[in-house]
Amino acid sequence: MPKFGGFGGAGGGMNMQAMMRQAQKLQEQMQAAQEELENAEVEGSAGGGLVTVTLNGKKAMLGVKIKPEAVDPDDIEMLEDLILAAYNDAAEKADELEEETMPAGAGLF
């Protein structure tokens, strides 16, 4: 009887088992990387350090620091822009950290 799809016989079964073990190992690595990202902290700043934003590696904001000299009641828009810029700076760093932390092949799932 002919084999179809390469899954017949003991050799095909062994390859499938090896692939399943590899997939499980990758899932475990991905879970560990996700936990590492949740516990990591990155900082972004703007205005020469007038505003600093702290995020975890999953981009959840953990804190904002604003120096008093950044606060001008007549120019709230500037402060809003500084906060946005600081967040974007931290988010870029979180993206880089995620790229470094996630195992190769993580995009398969």
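What follows is a short walk through this predicted model, from its overall layout to its core and its surface. Residues are numbered from 1 along each chain as its sequence is written, and side-chain values use heavy atoms, with hydrogens and water left out. Since you will want the thresholds: local features need pLDDT of at least 70, side-chain atom pairs count only at pLDDT 80 or more, and totals for chains, interfaces and linings use all residues.

Let's start with the layout. The protein has two helices and three strands, where helices (H or I, at least four residues) and strands (E, at least two) are DSSP runs numbered from the N terminus. Along the sequence they follow the pattern α-β-β-β-α. Of the 109 residues, 25% count as buried; buried means under 20% relative accessible area, exposed over 50%, and partly exposed in between (1.4 Å probe, protein chains only).

Now to the strands. S1 and S2 pair in the antiparallel sense over six bridges, pairing being called when DSSP finds at least two bridges between two strands. Within that pairing, Glu-43 has Thr-54 of S2 as its bridge partner. The S1 and S2 hairpin has four residues between the strands, and Gly-47 there takes a positive phi near 65 degrees. On its other pairing, S2 is joined to S3 by five bridges, again antiparallel. Here Val-51 stands opposite Ile-66, while Val-53 has Val-64 as its bridge partner. The hairpin of S2 and S3 also has four residues between the strands. Its Lys-59 has a phi near 75 degrees, a positive value in a residue other than glycine. Lys-59 counts as partly exposed because its relative accessibility is 32%.

How many of the six residues of S2 are buried? Six of six, so to speak a mostly covered strand by the definition of buried given above. Val-51, Val-53 and Leu-55 point one way from S2, and Thr-52, Thr-54 and Asn-56 point the other way.

That first set of side chains leads into the core. A nonpolar core is a set of buried Ala, Val, Leu, Ile, Met, Phe, Trp, Tyr and Cys residues joined through side-chain atoms within 4.5 Å. The largest one here has twelve residues, including Val-51, Val-53 and Leu-55, along with Val-42, Ala-46 and Ala-70. Strands S1 (41-46) and S2 and helix H2 each give two or more residues to this core, and H2 provides the largest share, with six.

H2 itself has 26 residues and reaches 37 Å from its first C-alpha to its last, close to the 38 Å expected at 1.5 Å a residue; that expected span is 1.5 Å times one less than the number of residues. Its buried residues are Leu-79, Leu-82, Ala-86, Ala-90, Ala-91, Ala-94 and Thr-101.

Met-61, Val-64, Ile-66 and Val-71 make a nonpolar patch of about 310 Å². Patches are made of residues with over 30% relative accessible area and no salt bridge, with like charges joined within 9 Å and nonpolar side chains (Val, Leu, Ile, Met, Phe, Trp, Tyr) within 5 Å. A salt bridge is a side-chain nitrogen of Lys or Arg within 4 Å of a carboxyl oxygen of Asp or Glu. Val-71 sits in the loop between S3 (61-66) and H2 (76-101), and counts as partly exposed because its relative accessibility is 45%.

Note on methods: Accessible areas come from the Shrake-Rupley method with a 1.4 Å probe; for residues, only the protein chains shown count as cover.
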